Amino acid sequence: MDESLTRRILRGDRRTVAQAISCLEAGDERAIDVRRAIAAHQGRAHVIGVTGPPGGGKSTLVSALIKGLRERGRTVAVVAVDPSSPYTGGAVLGDRIRMGEHQADEGVFIRSLASRGHLGGLATAAADVIDLFDAAGFDVVLVETVGAGQSEVEITRYADTRVVVCPPGLGDEVQAIKAGVLEIADVFVVTKADLPDARRTESELQSMLGLRRNASWTPVVRKVCATSGEGMDALLNWLDDRPQRGLRHASVGENKARTVVTGCLAADNFGQSLGIELVSASAGNVTLRMQVRREHMNFNNRCHGGAIFAFGDMALGLACNSHGQMATLVDSGMSISTAVEEGEWLIAQATEVSRSRKIGSYQVKITRARDDAHVALLHGTVYVLDRPVEVAGSAPQTGATQAQ
C-alpha cells in the first residue's frame, strides 16, 4: 500500500477504508501493508463491545447508541459480527439491515463481518478492523458480537467498555450464564424495559452483584427501551464518563510478569520437553509457540490432541500465575477444529477474562503460525491461592494442572 493510500486511510476516506477492510478480511499480502500503515495511529477511539444472548436486542441497542452518539456530535464506526452457515460458510449479515437508517450518514460507517466459524463471538479480522476504524479517526467504535454464550468472551480482549445485554425474563438463565459472559461486563443493560419482567431482571442482576466481594470492580445496571429512547440518555452519559481508551494495546506490569513467566517456564521440565517457547507476557496474558515434532504425532500422523491441550494448558498456567500469586486449575474444556501436520509452528495466546480474589477465568486461542488458522480454543477456571509463585530449581510448579 503506497504512502498516498495510507494518508487516505488516516483521513477517513470511506472508499479507502472499505478497501482496506476487504484486504484485512482476505488476509492477503496487502493486509500486512494496512497493519503497518495504521500501527502508530491507534488508542484514541472508545471501543465499546456489545454482547449478550441471541434475540436480546443487541442490534436495536446499537442502532439507538448510534443515534444518541451522533446527536452528541460523535463519529461512529460499527463492527457487526454475524454467524456463518455451517453448510455454505455464508452469512445473512442482517445487522446492516437493522441499522439501515444510519447508512446515509457520513459520520457513520457500518461494516458487517461473517464469523466464518471463528469461535469466541467475533470474526478473525475483527481486531484489525477495530484498529483500522480507530486510525481512521472515528470517535467511537461499536462492536456487536455473535449471540453470546459462556465461551464467547473474546470481546474482552479488544473493548474498552463491555456492554452485556440482558433481556427481560432471563430468570434462572441468569444463573446459567453468570459463570461466563456475565463476568466480563462493565455495564449490564436490561433491554426492552417496556416489558413486564424488565424490573424483575434488573432486580436479579442487582442482587447478584450484591454478592460480589471485589469492591474495586462493580458493574452498573441500566434499564433501557431502545425503540422509545427510555433510559438511553443515562446510558450514554455513563459511557461518556468512561475514560478508558486503547486498553487492547496496554501492557500493564509487563516487565514483572515477563520475569515471573520466564522463570516458571525455564523451570518446567514438561514444558521444556515439549519444546515450548515464550513469545510475550504481561499481567494475565501470555503468548507461547511450539513446533510440532515427531513425538507429538498420533497414530494417524496428526498432532496428538493431548499435545495440543498440554500446549494450551501451559499458556493458561503461565498466564494465571503471571501476577506472582500461585493459581491452580479447577475446571477446563477444549475444542479442536483443525488437524496439524508435523513441522508446523503453533501459537497459543492466553488471555485473562476475569479475576477476583479467589477465582480467575482464562481463554487460550491456539492458531497455526503460517496462516493464522484456528486450531483450538481452551477455557479454564483457576483457584487463586494465598501464597506467591515458588520456582524451586528444576521442579515443575507452573503448569495449571501441575500446580494442583
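Colleague: How confident is the predictor, and which element has the lowest mean pLDDT?

Modeller: This is a predicted model. The mean pLDDT of the protein is 81. Of its residues, 80% reach 70 or more. Among the elements, helix α7 (residues 173-177) has the lowest mean pLDDT, 49. Helix α12 has the highest, 95. Residues 394-404 have pLDDT below 50. That stretch still has 32 contacts in the model beyond near neighbours in sequence.

Colleague: Now the sheets. What is the strand order in the sheet of 7 strands, and how does it pair?

Modeller: Start with the general idea. Strands of a sheet pair through backbone hydrogen bonds, either parallel or antiparallel. Now this case. The order is β3-β2-β4-β1-β5-β6-β7, the sheet is open, and the pairing is parallel. At the edges are β3 (108-114) and β7 (220-223), each pairing on one side only. Neighbouring strands here are turned against each other by 20 degrees on average, direction ignored.

Colleague: How many bridges join β6 and β7?

Modeller: There are 4 bridges between β6 (residues 187-190) and β7, in the parallel sense. Find F188 and look across: V221 in β7 stands opposite.

Colleague: Which helix lies across β1, β2, β3, β4, β5 and β6?

Modeller: Helix α4 (residues 58-71) does. Its direction runs at about 170 degrees to that of β4 (140-144).

Colleague: What is the order in the sheet of 6 strands, and is the pairing parallel or antiparallel?

Modeller: Antiparallel, in an open sheet with the order β8-β9-β11-β12-β13-β10. The edges are β8 (277-282) and β10 (325-336). Each has a single partner strand, so one side of each has no neighbour in the sheet. On average, neighbouring strands of this sheet are turned by 20 degrees against each other, direction ignored.

Colleague: How do I read two helices packed together?

Modeller: Two packed helices are described by the angle between their axes and the distance between the axes. The crossing is right-handed. V17, A20, I21 and L24 in α2 meet D128, V129, L132 and F133 in α6. By class, that contact has 7 nonpolar, no polar and 1 charged residues.

Colleague: At what angle do α3 and α6 pack?

Modeller: About 45 degrees, with the axes of α3 (residues 29-38) and α6 (residues 126-135) 10 Å apart. This pair is therefore oblique. Here α3 passes α6 in a left-handed crossing. V34, R35 and I38 of α3 make the contact with D128, D131, L132 and A135 of α6. These residues divide into 4 nonpolar, no polar and 3 charged.

Methods:
Residues are numbered from 1 along each chain as its sequence is written. This is a predicted model: local features need pLDDT of at least 70, side-chain atom pairs count only at pLDDT 80 or more; totals for chains, interfaces and linings use all residues. Side-chain values use heavy atoms; hydrogens and water are left out. Axes are lines fitted to C-alpha atoms, for helices over the stretch in contact, and angles run from 0 to 180 degrees between N-to-C directions. Helices (H or I, at least four residues) and strands (E, at least two) are DSSP runs, numbered from the N terminus. Angles under 35 degrees count as roughly parallel, over 145 as roughly antiparallel, 65 to 115 as roughly perpendicular and the rest as oblique. A crossing is left-handed if the near helix is turned anticlockwise from the far one by less than a right angle, and right-handed if clockwise. Contact means heavy atoms within 4.5 Å. Ala, Val, Leu, Ile, Met, Phe, Trp, Tyr, Cys and Pro count as nonpolar, Asp, Glu, Lys and Arg as charged, and the others, Gly among them, as polar. Two strands pair if DSSP finds at least two bridges between them. pLDDT is the predictor's confidence in each residue, from 0 to 100.
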